[in-house]
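Colleague: Can you walk me through this model? Keep it brisk, please.

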Amino acid sequence: MEQFLLRPGDIVNPILRPAVVLIPEGAGQRALTAGFGQIEGQVMKVGMVAEATCVSKPWVIIPLVVTNVQNYIAAGQFRGGEQLLEAENTVRPGTILVFMEPIYKGGLEGVTPGSSCVANAYTSNHELIASGNIGAFKSFALHVVDATGLVHAMLLRIQALLLPIKTLVLSGH
């Protein structure tokens with residue numbers, strides 16, 4: 001089961017409520033998980049470069065690499081202590097679950113496990129365009145896709161600056 005994610009603090013058995021909670025060693029320090037829309041499922045690949053910014057580590061962009069991409073779209077999600085959601089009751093379509101690890105050692109230091117993060121993953125079509133094996137229209141379209149990635153990278157940096165301010169305003173501090 002790929003989508004049976006337990007997080008620190010989740011109750012393992014909701015019926016008996018035992019005084020036991022599973023907390024894996026190094027939880028939240030090795031990888032980030034992110035949900036990408038179904039349209040991204042066509043392009044999400046292991047080895048893609050990604051970036052994230054997290055509320056618990058403001059003003060920092062964390063360089064990441066995609067290490068695993070879920071090969072199906074789940075209609076329902078299950079977490080410890082909750083119930084499986086029925087497919088016809090879901091309002092939003094399912095997402096592609098992607099695991100990303102920091103490129104540099106210690107990249108997630110200072111990020112509190114369970115922190116809210118914003119992530120982007122980037123395609124690179126440079127080699128395909130430079131190969132000359134595609135037509136002019138497709139080459140232009142791939143340039144537009146790569147340029148969109150550049151715009152998204154700039155927007156992530158703006159979010160890294162504004163996310164802590166937005167959090168302070170919403171929390172009333």
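**Fold and layout**

Modeller: Along the sequence, the protein runs β-β-β-β-β-β-β-α-α. Helices here are DSSP runs of H or I with at least four residues, strands are E runs of at least two, and both are numbered from the N terminus. This is a predicted model, where local features need pLDDT of at least 70, side-chain atom pairs count only at pLDDT 80 or more, and totals for chains, interfaces and linings use all residues. Residues are numbered from 1 along each chain as its sequence is written, and side-chain values use heavy atoms, with hydrogens and water left out.

Colleague: How many helices and strands in the protein?

Modeller: Two helices and seven strands.

Colleague: And what percentage of the residues count as buried?

Modeller: 24% of the 173 residues. Buried means under 20% relative accessible area, exposed means over 50%, and partly exposed is in between, with a 1.4 Å probe and protein chains only.

Colleague: What does the accessible surface come to?

Modeller: About 11,800 Å², with 61% of that belonging to carbon and sulfur atoms. The areas come from the Shrake-Rupley method with a 1.4 Å probe, and for residues only the protein chains shown count as cover.

Colleague: What share of the contacts is between residues 24 or more positions apart?

Modeller: 70% of the contacts with a separation of 6 or more. A contact means heavy atoms within 4.5 Å.

Colleague: On to the strands. Which residues of E2 are on its covered face?

Modeller: Strand E2 covers residues 32–36, and its covered face has Leu32, Ala34 and Phe36. Thr33 and Gly35 make up the uncovered face.

Colleague: How does E2 pair with E6, parallel or antiparallel?

Modeller: Antiparallel, over five bridges, with E6 spanning residues 96–102. Two strands pair if DSSP finds at least two bridges between them. Ala34 has Val98 as its bridge partner in E6, and Phe36 stands opposite Ile96.

Colleague: Which other strand pairs with E6 over five bridges?

Modeller: Strand E4, residues 57–69, also in the antiparallel sense. Val69 of that pairing stands opposite Val98 in E6.

Colleague: Back to Ala34. Buried or exposed?

Modeller: Ala34 has a relative accessible area of 13%, so it counts as buried. Leaving aside neighbours within four places in sequence, Ala34 is in contact with Ile96, Leu97, Val98 and Met100.

Colleague: What about Trp59, what is its phi?

Modeller: Positive, at about 65°, although Trp59 is not a glycine. Most residues other than glycine have a negative phi. Trp59 sits in strand E4. At 56% relative accessibility, Trp59 counts as exposed.

Colleague: Now the loops. Where is Gly94?

Modeller: In the loop between strand E5 (78–79) and E6. Gly94 is buried, with a relative accessible area of 18%. The C-alpha atoms of Gly94 and Phe36, 58 residues apart along the chain, lie 9.0 Å from each other.

Colleague: And Gly114, buried or exposed?

Modeller: Exposed, at 68% relative accessibility. Gly114 is in the loop between E6 and E7. From the C-alpha of Gly114 to that of Leu32 is 9.2 Å, for residues 82 apart along the chain.

Colleague: Last topic: the second largest pocket. How much space lies in it?

Modeller: About 410 Å³. Of its 16 lining residues, Glu40, Val43, Ala121, Thr123 and His152 are the closest to its centre. On a 1 Å grid over the protein atoms alone, a pocket is an open set of points where a 1.4 Å probe fits, with protein on both sides within 12 Å along at least five of seven lines, and lining residues have an atom within 4 Å of a point. Points are joined across faces, edges and corners, and the volume is the space filled by probe spheres set on them.

Colleague: Which elements each supply at least two residues of that lining?

Modeller: Strand E7 (117–122) and helix H2 (136–171). By class, the lining of the second largest pocket has nine nonpolar, six polar and one charged residues. Ala, Val, Leu, Ile, Met, Phe, Trp, Tyr, Cys and Pro count as nonpolar, Asp, Glu, Lys and Arg as charged, and the others, Gly among them, as polar.
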